[in-house]
Amino acid sequence: MKFALVALASLLNLALAQVQSPDGTFNVTNPIKGGTFVQGKALPVVYDLLVNPITLQMNVYLVYSGSGNGAQVTIAQNADVTVDASSLQNKNNQSYWEHSINFAIPTTIPPGTYNVVFEDVTSHTNTTVPITINAGAMSVISTSMMMTSTVASSSAATSSASAAASSTSAPAAQSASNQLGFTWIPTAACLVMAAALAL
């Protein structure tokens, strides 16, 4: 009984992971629907051709689905749809032809929600898999470095401005100890006068 439940759960999980084309000629097994990926990393694209012979011409795109202007990037133009021995797979007494693409997600596209769109040029239908792309580490680091650089430039400008102001208003020969002396002498004089008045 326990084994049957595990097998059923595995089959259900596999079925949920796959997205089938409207005409049933291919399944998309990767990316997984709702999967999360990262800029600059690989987006695995795997599709299984289910019929032989197949009359299919397919393009694959990464299309921004968030609000505002977004990106559309070509993953594969005229994607491989050959049904030869090198791509042949057998599972549960069923044959299919598996093809995969490791697509490097550009670091230049904005993070957000996207669709991986499998465009069937022959039947004029699309098979769509929604995914999310998060910002990559380099994107976060460059933003942080840009902010640090801006703060450093601003601090340097402030420092040089105050140095220029002090060089014009204070005598060049005045030392740090002299400056300290000029600061505490008036304070001490005020304290002595207050003590004298209290007597």
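Predicted model: local features only at pLDDT ≥ 70, side-chain atom pairs only at ≥ 80, totals over all residues.
Tyr 64 belongs to strand β5 (residues 58-64) and Tyr 114 to strand β9, and the two residues, 50 apart, link distant parts of the chain.

The number of aromatic pairs in the model is 3. One of them joins Phe 26 and Phe 118, with a centre-to-centre distance of 6.3 Å and an angle of 50° between the planes, and is tilted. Phe 26 is located in strand β2 (residues 26-30) and Phe 118 in strand β9 (residues 112-120), so this pair ties together parts that are 92 residues apart in sequence. Both Phe 26 and Phe 118 are buried. Through ring pairs, Phe 26, Tyr 47 and Phe 118 are linked into a cluster.

Strands β5 and β9 also take part in an open sheet of 5 strands, in which the order is β3-β10-β9-β5-β6 and the pairing is mixed. At the edges lie β3 (36-38) and β6 (72-76), each of which pairs on one side only. On average, neighbouring strands of the sheet are turned by 35° against each other, direction ignored. Strand β3 runs parallel to β10 (residues 125-134), and 3 bridges join the two. Within this pairing, Phe 37 has Ile 133 of β10 as its bridge partner.

Phe 37 is also among the residues touched by Leu 43, which is part of strand β4 (residues 42-49). Leu 43 is buried, its relative accessible area being 0%. Beyond four places in sequence, its contacts include Pro 31, Leu 62, Ile 75, Ile 101, Asn 102, Val 116 and Ile 131. Between the C-alpha atoms of Leu 43 and Asn 102 the separation is 5.8 Å, although the two residues are 59 apart along the chain.

A further pairing is formed by strand β7 (residues 88-91) and strand β8 (residues 94-104), which are antiparallel and share 4 bridges. Asn 90 has Ser 95 in β8 as its bridge partner. The hairpin of β7 and β8 has 2 residues between the strands, and Asn 92 adopts a positive phi near 50° there.

The protein chain has a mean pLDDT of 76, with 60% of its residues at 70 or more. For residues 2-16 the pLDDT is below 50, and this stretch has 1 contact beyond near neighbours in sequence. Residues 150-186 likewise stay under 50 in pLDDT, and the model has 2 contacts for them beyond four places in sequence.

Key. Residues numbered from 1 in each chain as written. Heavy atoms only, no water. Pairing = 2+ DSSP bridges. Axes fitted to C-alpha atoms, helices over the stretch in contact; angles between N-to-C directions. Buried < 20%, exposed > 50% of the residue type's maximum accessible area, 1.4 Å probe, protein only. Contact = heavy atoms within 4.5 Å. pLDDT = per-residue confidence, 0-100. Phe/Tyr/Trp six-rings, centres within 6.5 Å; stacked < 30°, edge-to-face > 60°.
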